[in-house]
Amino acid sequence: MTTPTTPSAPGLGTLILDYNGVIGRQPTAPMWARLAALAGWPADRTADFETAFWARRAPYDAGQISTHAFWRGLLHGPQAAEPGSALLAALRSTDTEMWTRTDEAVVRILQAAHATGLRMVILSNAPHPLADALDRAPWCSTLISRTVYSARLGVNKPDPRAYQAALAAAGRPDPATTLFVDDRHENCTAASRLGLRTLHFDGDSQALASRIPQLVPAAGARS
C-alpha cells in the first residue's frame, strides 16, 4: 500500500513573511503597562493607552510622522518628550524592545527552510526604530534574504504596493510560487488578489511547516 503524502503545493520558491504575530511574539500585559507608565498614563488606564497607541500607529508605521510626533500625541499629563530628550529615547527604546521577542518554534522552521535554499523576505508594518532593530537581529541577518518595512516604503499593508515591493526585493518571482504568511486576514486577502499563495497564521508553527514542501518528508522516507 502506498503511504499518502501530506497535501502541499509544489514549486514553492519564495516565502514572504510578516514579522509581528508570525515571527515576533505579541507584547505581554506588563510590557504595555510599563510603556503606558513611561508615557504618564495612570496604572488603571493602560487599556485606554493601548487604544490610543493603535489609533496613532498607522502613520508612524508608514514613516509619515516622526518618533517625536508619534509620542507627542500620546503623552498623558504635563510631561514632554522633546527631540533629543531622555524621555523620548526611553519611549522609543521601550516601544522597540517589546516587539523584538521571537517565537522560537517559528525561527526553527525558518532555519530549516533556509538550509534548503528557500528564499525568504520579511514584509512588515514597522516604524524606523523597529525596522533597524530587526535588521540587526542575528536571526534576521542570517536567515532573511531581504527586508521590506512600511516606514522605509511609505505605505502599510494591505496596500498593493507593499506586496509588489516585497516581490521586487525577492527578485520578482512568480506569485504562484510564492507563499505569503501573515496573522491578519485583510493582509492575506490583499496578497491573494495579486496571485500569491497565502497562509493566515494563527500561531500554529506546524501549519507553517506543512505549507513548505521542502520541509514535508517524501512518502518513501516515511516508516
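How many bridges pair S1 and S4, and in which sense do the strands run? S1 and S4 pair in the parallel sense over four bridges. Strands here are DSSP runs (E, at least two residues) and helices are DSSP runs (H or I, at least four), both numbered from the N terminus. Two strands count as paired if DSSP finds at least two bridges between them.

The model is predicted; local features need pLDDT of at least 70, side-chain atom pairs count only at pLDDT 80 or more, and totals for chains, interfaces and linings use all residues. Residues are numbered from 1 along each chain as its sequence is written, and side-chain values use heavy atoms, with hydrogens and water left out. The pLDDT is the predictor's confidence in each residue, from 0 to 100. Its mean over the protein chain is 93, and 93% of the residues reach 70 or more. Over residues 1–9 the pLDDT is below 50. That stretch has 10 contacts in the model beyond near neighbours in sequence, where contact means heavy atoms within 4.5 Å. Residues 219–223 also have a pLDDT below 50, with six contacts beyond near neighbours in sequence.

The strand pairings extend through S1, S2, S3, S4 and S5. Strand S1 (residues 14–17) is joined to S2 by four bridges, and the two run parallel. Ile-16 has Val-121 as its bridge partner in S2. S2 in turn pairs with strand S3 (residues 146–149) in the parallel sense, again over four bridges. Here Leu-123 is bridged to Val-148 in S3.

Burial follows relative accessible area (buried under 20%, exposed over 50%, partly exposed in between; 1.4 Å probe, protein chains only). Five of the six residues of S2 (residues 119–124) are buried, so S2 is largely enclosed by the rest of the structure. In S4 (residues 178–182), five of the five residues are buried, so this strand too is largely enclosed. Both faces of S4 are covered. Thr-178, Phe-180 and Asp-182 are buried on one side, Leu-179 and Val-181 on the other.

Among the helices, H4 (86–97) has 12 residues. Its expected span (1.5 Å times one less than its number of residues) is 16 Å, and its end C-alpha atoms are 16 Å apart, which agrees. The buried residues of H4 are Leu-87, Leu-88, Leu-91, Thr-94, Asp-95 and Thr-96. Their cover includes H1, H2, H3 and H6. Asp-95 has a relative accessibility of 3%. Leaving aside neighbours within four places in sequence, Asp-95 contacts Leu-35, Phe-53, Arg-57, Tyr-60 and Trp-71. In H6 (residues 128–136), the residues Pro-129, Leu-130, Ala-131, Ala-133 and Leu-134 are buried. The buried residues of H6 pack against H2 (46–61), H3, H4, H7 (138–143), S3 and H8 (150–153). Pro-78 lies in the loop between H3 (67–72) and H4. It is exposed, at 86% relative accessible area. The C-alpha atoms of Pro-78 and Asp-182 are separated by 39 Å.

The structure holds 15 aromatic pairs. Rings of Phe, Tyr and Trp (its six-membered ring) pair if their centres lie within 6.5 Å; planes under 30 degrees apart are stacked, over 60 edge-to-face, and the rest tilted. Trp-32 and Phe-53 form an edge-to-face pair, 5.0 Å centre to centre with 85° between the planes. This pair links distant parts of the chain, with Trp-32 in H1 (residues 29–38) and Phe-53 in H2, 21 residues apart. Both residues are buried. Phe-53 also pairs edge-to-face with Trp-54, at 5.2 Å and 85°. Phe-53 has 0% relative accessibility, whereas Trp-54 is partly exposed at 41%. Ring pairs join these residues into a cluster that includes Trp-41, Phe-49, Tyr-60, Phe-70, Trp-71 and Trp-99.

A nonpolar core is a set of buried Ala, Val, Leu, Ile, Met, Phe, Trp, Tyr and Cys residues joined through side-chain atoms within 4.5 Å. The largest has 49 residues, and Ile-23, Trp-71 and Trp-139 have the most contacts inside it. Helix H5 (residues 104–115) gives the largest share, five residues. Another core, of 16 residues, lies apart from it; Ala-162, Tyr-163, Ala-169 and Ala-191 are among them.
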